[in-house]
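Please look over the following model with an eye to its metal sites and to a few of its helices. The briefing below is arranged by topic.

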Amino acid sequence: MDMFNDPNLWLPWVFAALMGLSILIYVILDGFDLGVGLLMPLSDDDEKDRLVASIGPFWDANETWLVLAIGLLLVAFPVAHGVILTALYLPVAVMLIGLILRGVSFEFRAKAPIGQKPYWNGAFFTGSLMASMAQGFMLGMYVMGLTWTLPHVAFALLTAVFLTVGYSCIGAAWLIAKTEGALQIKAVGWAKGGLWGLLLGIAAISLATPFISPRIFEKWFGFPQLLYLAPFPVLSAALLGFLWWKLRRMPMVDDRHAWTPFAAIMALFALSFGGMAYSFYPYVVPDKLTIYEAASAPESLMIILIGTLFVLPTILAYTALSYIIFRGKATELRYD
Amino acid sequence: MDTLLLSRIQFGANISFHILFPTITIALGWVLLFFKLRFNATGDKKWMEAYLFWVKVFALSFAMGVVSGITMSFQFGTNWPGFMERVGNIAGPLLAYEVLTAFFLEAVFLGIMLFGASRVPNWLHTTATFLVAFGTTMSAFWILVLNSWMHTPAGYEIRDGIAFATDWVAIIFNPSMPYRLAHMLLASGLTVAFLIAGISALRMIWGDRQESVKSALRVGIILAAGLIPIQIFAGDMHGLNTLEHQPQKVAAMEGNWDTQSNVPLLLFALPDEEARENRFEIGIPNGASLILKHKADGVVPGLNDFVAEDGTPEHPPVAPVFWSFRIMVGTGMAMLALAWTGAYFLRRRGAGFMPKPMLFAFAAMAFSGWIATLAGWYTTEIGRQPWLVQGVLTTKEAVAAVPAPIVMATLVAYLVVYVALILAYMGTITYLAWKASKGEPLSTRQYPRSGEAEVIAVPGE
Ligand code: HDD
Ligand code: HEM
Ligand code: HEM
């Protein structure tokens, strides 16, 4: 095929795919730990410690996927990086301050004098909320083509709420898998409560996307494209149904299937993300800049790609190692 | 204030906040590995106690470093889009390699290092400690390669106004990289040495006589005394390298206006850019010529060589560079004096019998590494102005067209958060030291539970 002979054609594609993959991994992984942060106010003091313990060994590596995603945008599509980030200047700042607050609260709540602990718990929740809302807002703005008009901002505020509820849902699903007893029962309740966020979020974005851009409309409803797209809504609906059915039966005897809600929500995130990627391709700045126009010089991309091919499998391997080491129910975190 | 100035202040504030914590984690990781290896070798529990105390400081610093670092990676896009557009082909791969080879390594193994001790074999825990230390050092390597390239660009060509890489070896081993890397790693070592010595001294002042504290004090003082002469030597070499590649920066550091011989080493002066002269000069005759040219009558470049035809200066602002350089060197000299006096008493009397004034002096200098490091970075970075990439891209060309009030609002928000967090950070470290010196277990189980009296020793998060 021609495409593979000309690095100008396939390199941007490969990098867009890598970037998409790391955004997806980020949304799932940091999604659950942001979500756990969002559930802090709903739990009592003792449970708060277990909530934090369930994500303690993971959160830092989870956030590194954000650094990788933004790094890939930066290195592979520098122009787009500038356009997107200057357009999203304010939500980015809100997100960053949120991430700062929650990241340090982890440590401070355990190390600062006891009297301060409630404040750091509060900062942990506030930070998680700021970060989730800002990410949802950016998602909405991106779908709306990154232009600041009143209706667009209103839409973005909606997606901010939906994504936040969605994160708390995957966070609760994580807790179902990582905790037991009364807390687990509570987590099942939280997960049920979060389902509507997922449902409305996916619905809102799916309804809005085609009507914002005639190009995407054509991509969705033209024939035979309609057939390629059909599995997305069908599978998503099936997964939501499954979740609803399953959560009503949880927790099960011997803690069976404790992982299924988390797995199902992961699949749901992946599907929604796949749908969005399908709609926006080949644009990196919606309807303005394609990945081919925005890409860096092939020499530079090649250098990164070679490194990535060696390093990414290693990263995945040791990430898996850490999930294996810290498998099982969350217990107290200790340094010795 | 305009967007450019605000963006510069914002970037300066963000990176200054960020660098405080990497300077600690880079070297503290290796010190922890040392504690761990000593424990493995001797089985003496004082090394484990030292490890368990300092690993808490490490975890706290690491968290601060990570979250402020995430801010940094967004700053290029939000405030300096021109940077990536013009030199992205070079900066991009370097940043990507930092993420790929360093950040994931640190982040994943940090979890195992902090919480895995009871879950993995001892060798794996030691390896994880090593990998975290190695990761922080790798990350310093890559970011300093990029930063050095911005000062002394090499291995590239400009096509249509955009930089393209031609020689990656030349880019990575650009002329100032070895000097800057060595100077920064030593700076990190010194910061940690004084932090450890200072906090241990504080614990001794509070009456803590544990073996682990004495050993930590000894390690801190010996490390400081060993590194500081090397640092002064490395700094001198670094200055000579800068003289070759960025003479205008050295002229500003020396406060030297005219290219001439027999230039004095100024100890004090108030550089006046309007009048283009210094007021209230106090200097050592021929000092600067001797340091920079190793001859009393050596010719040192002056700032007046770097002025455009129409009179606009093409050199950095003089006073900030001049003064931050003096703060760094002054702190370095104070470190030399204290570390060596400390080492003397250590030999004569041992760590348990240090004179009180020495303990107070070390406690007062606990965070001195921060001051020298920040002052050093200000010298380097302000000294590069008006360039962002020396000779390739000016700072003005790179700035984003974000409305000034928005930059202002976010700047204020960042500053508020930063000030609060620095205070909390310093306060918490002192609090941990106080608790440890009172022999209280460093428990995290802080909500009293009914029917449970025993407290678990040293858990943490
Ligand atoms: C000399 C060292 C040094 C310097 C000059 C910088 N950093 Fe840094 N950075 C580190 C040394 C470091 C580190 C030691 O590797 C950190 C600190 C704590 C940590 O987790 O890693 C880190 C963390 C860190 C992280 C979080 C990594 C993670 O998720 O684990 C990011 C994204 C950055 N940095 C990015 C930057 C950028 C964009 C910089 C420049 C503008 C920068 N750093 C300057
Ligand atoms: C970590 C220690 C560092 C400190 C304390 C520091 C400090 C500063 C300061 C104070 C300025 C403002 C200079 C001025 O505008 O007058 C500046 C500028 C700048 N530095 Fe650094 N810097 C550091 C490292 C780096 C690194 C590693 C990079 C990039 C790889 C970098 C990139 C920049 C950029 C892009 C600017 C231009 C923006 C500006 O002028 O403010 N810096 N830095
Ligand atoms: C006392 C003798 C010292 C001398 C002669 C010296 C010399 C220098 C010089 C010439 C620079 C500017 C390099 C440039 O042109 O960009 C510099 C930068 C710097 N210095 Fe020092 N220094 C000394 C001590 C210290 C100490 C004690 C520390 C910290 C503990 C320190 C930390 C730094 C840092 C972090 C930088 C910025 C990074 C870099 O460019 O390497 N220095 N130093």
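How many of the 18 residues of helix 3 of chain A are buried? In this predicted model, where local features need pLDDT of at least 70, side-chain atom pairs count only at pLDDT 80 or more, and totals for chains, interfaces and linings use all residues, side-chain values use heavy atoms, with hydrogens and water left out. Residues are numbered from 1 along each chain as its sequence is written, while chains are lettered from A and ligands numbered from 1 in the order in which they are written.

**Chain A**

- 18 of the 18 residues of helix 3 of chain A are buried, so this helix is largely enclosed by the rest of the structure; buried means under 20% relative accessible area, exposed over 50%, and partly exposed in between, with a 1.4 Å probe and protein chains only.
- Helix 3 (residues 59-76) of chain A reaches 26 Å from its first C-alpha to its last, close to the 26 Å expected at 1.5 Å a residue, the expected span being 1.5 Å times one less than the number of residues.
- A:Lys117 lies in helix 6 (residues 117-143) of chain A, helices being DSSP runs of H or I with at least four residues, numbered from the N terminus.
- A:Lys117 is buried, with a relative accessible area of 2%.

**Iron atom of ligand 3**

- B:His183 (NE2) and B:Met328 (SD) coordinate the iron atom of ligand 3 at 2.0 to 2.3 Å, where donors are N, O and S atoms within 2.8 Å of the metal (3.2 Å for Na, K and Ca).
- The pair ties together parts that are 145 residues apart in sequence, because B:His183 lies in helix 6 (residues 177-205) of chain B and B:Met328 in helix 10 (residues 318-349) of chain B.
- B:His183 counts as buried at 17% relative accessibility, and B:Met328 counts as buried at 17%.

- An N or O atom in the side chain of B:Asn147 is 3.4 Å from a nitrogen atom of ligand 2.

Definitions and conventions. Helices (H or I, at least four residues) and strands (E, at least two) are DSSP runs, numbered from the N terminus. A polar contact is a pair of N or O atoms within 3.5 Å; within protein, one must be able to donate a hydrogen and the other to accept it, and residues adjacent in sequence count only if both atoms are side-chain atoms.
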